[in-house]
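We'll take a slow walk through it, stopping at a few spots along the way.

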Amino acid sequence: MLLLCPLRLKSLCIFRTRPFTVPTAQRRQLSVLQSTQQGEQGHQQQDPMPKFELIEESVAYKRYLTLFDRQVRVTSEKTGQATTLAYDVIGHPRCNFRFAVVLPFHTASKDTDAQVTMIREFCQGPNAVCYNLPTGGFDPAKHTSIEDCARAELSEEALLKGGELVRLIPEDHPGFAEVKWCANRFVPFLVIDPHVDPKPGARDAEEFIEVKRVGMEEFRNLNDGGDLMLPSMVTANLALKYLEKRGFV
């Protein structure tokens, strides 16, 4: 590339320069900027979100969980054109589509550091033994509230009772959706300093569980490493924030 020097007009001065290369960090910034601009342009060109109307739902299969065939009418806000789509939706109607997850936390003492009681159980979906927090469905025939459900799961799965039970979301919160194609929602709880239940509740026949108490470093590593099921991970993160705020960890 040739560069003309304007300072010496009588004898034209010519410099030969090396090809200009944008530094790596700057290239990254330019790439991000271009992607952002393209994303903004694409966002501006999108049609508005259509309206969704559940028009019919029937049971396609039922055992422990229920598979629903859900028909949804999707109407374009832009054109008014409607299309009916079929979706597979999983849920647990016998539990009112609700379940509780509870993290048992044991405060530090002069002899031990703070700990969490976890469970290892057979998870039929991934077909593996995984770490989890005590979790179970709300049974209207057994439980008076979702808090009662959390206490029951604490006893049945973690073999613990008592302690300070903390609901980690507001009372009027419907609970977190389990996954996008599932109708179930869960409420996360924390229980501080529960103790051994001498007469724990009975477990279901298909439950294969062992109880393990771990230190906070191991617990964080298991949570951050993706070794827990998603509802347990969400509950763990909310519980850790709460415990940090109160100065327990």
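Let's start with one word we'll need: two residues are in contact when they have heavy atoms within 4.5 Å of each other. Keep in mind, too, that this is a predicted model.

Now try the word out on Thr117, a residue in strand 7. Which residues does Thr117 touch, leaving aside its neighbours within four places in sequence? They are Pro104, His106, Leu133, Ala158, Leu160, Val211, Lys212 and Arg213. Is Thr117 buried or exposed? With a relative accessibility of 2%, Thr117 counts as buried, because the cut-off for buried is under 20%. Val214 sits 97 residues away from Thr117 along the chain, yet the C-alpha atoms of the two are separated by 6.4 Å.

Thr112 gives you another pair of this kind. You'll find Thr112 in the loop between strand 6 and strand 7, and at 38% relative accessibility it counts as partly exposed.

Time to step back and look at the whole chain. The protein chain has four helices and 15 strands. Of its 249 residues, 31% are buried. And if you take the contacts with a separation of 6 or more, 58% of them join residues 24 or more positions apart.

Just after helix 2, Leu159 takes a positive phi of about 60°.

Met216, Phe219, Leu222 and Asn223 are buried in helix 3. They cover an arc of only 125° around the axis, which puts them on the same side of the helix. Glu217 and Asp224, on the other side of helix 3, are exposed. What covers the buried residues? The cover includes strand 6, strand 7, strand 8, strand 15 and helix 4. Just after helix 3 comes Gly226, with a positive phi of about 75°.

Follow that cover over to helix 4. The 16 residues of helix 4 should span 22 Å at 1.5 Å a residue, and its end C-alpha atoms are 23 Å apart, which agrees. Here Pro231, Ser232, Thr235, Ala236, Ala239, Leu240 and Leu243 are buried. Why do we say they share a side of helix 4? Because they cover an arc of only 160° around the axis. The face turned away from that buried side carries the exposed residues Leu230, Lys241 and Lys245. As for what the buried residues of helix 4 pack against, look for strand 6, strand 8, strand 9, strand 13 and helix 3.

Most residues other than glycine have a negative phi. Asn127 has a positive one, near 55°. Asn127 is found in the loop between strand 7 and strand 8, where it is exposed, with a relative accessible area of 57%. Asp193 also has a positive phi, near 60°. The loop between strand 13 and strand 14 is its place, and at 37% relative accessibility Asp193 counts as partly exposed.

Last stop: the empty space. Rolling a probe the size of a water molecule over the atoms shows where such space is left. How much space lies in the largest pocket? About 1400 Å³. Of the 42 residues that line the largest pocket, Tyr64, Leu65, Gln124, Thr135 and Glu178 are the closest to its centre. Strand 4, strand 6, strand 7, strand 9, helix 2 and helix 4 are the elements that give two or more residues to the lining. Sorted by class, that lining has 19 nonpolar, eleven polar and twelve charged residues.

Key
Residues are numbered from 1 along each chain as its sequence is written. This is a predicted model: local features need pLDDT of at least 70, side-chain atom pairs count only at pLDDT 80 or more; totals for chains, interfaces and linings use all residues. Side-chain values use heavy atoms; hydrogens and water are left out. The expected span of a helix is 1.5 Å times one less than its number of residues. Buried means under 20% relative accessible area, exposed over 50%, partly exposed in between (1.4 Å probe, protein chains only). The arc is that of the directions from the helix axis to the C-beta atoms. On a 1 Å grid over the protein atoms alone, a cavity is a set of points where a 1.4 Å probe fits but cannot get out, and a pocket is an open set with protein on both sides within 12 Å along at least five of seven lines; lining residues have an atom within 4 Å of a point. Grid points are joined across faces, edges and corners, and a volume is the space filled by probe spheres set on the points. Ala, Val, Leu, Ile, Met, Phe, Trp, Tyr, Cys and Pro count as nonpolar, Asp, Glu, Lys and Arg as charged, and the others, Gly among them, as polar.
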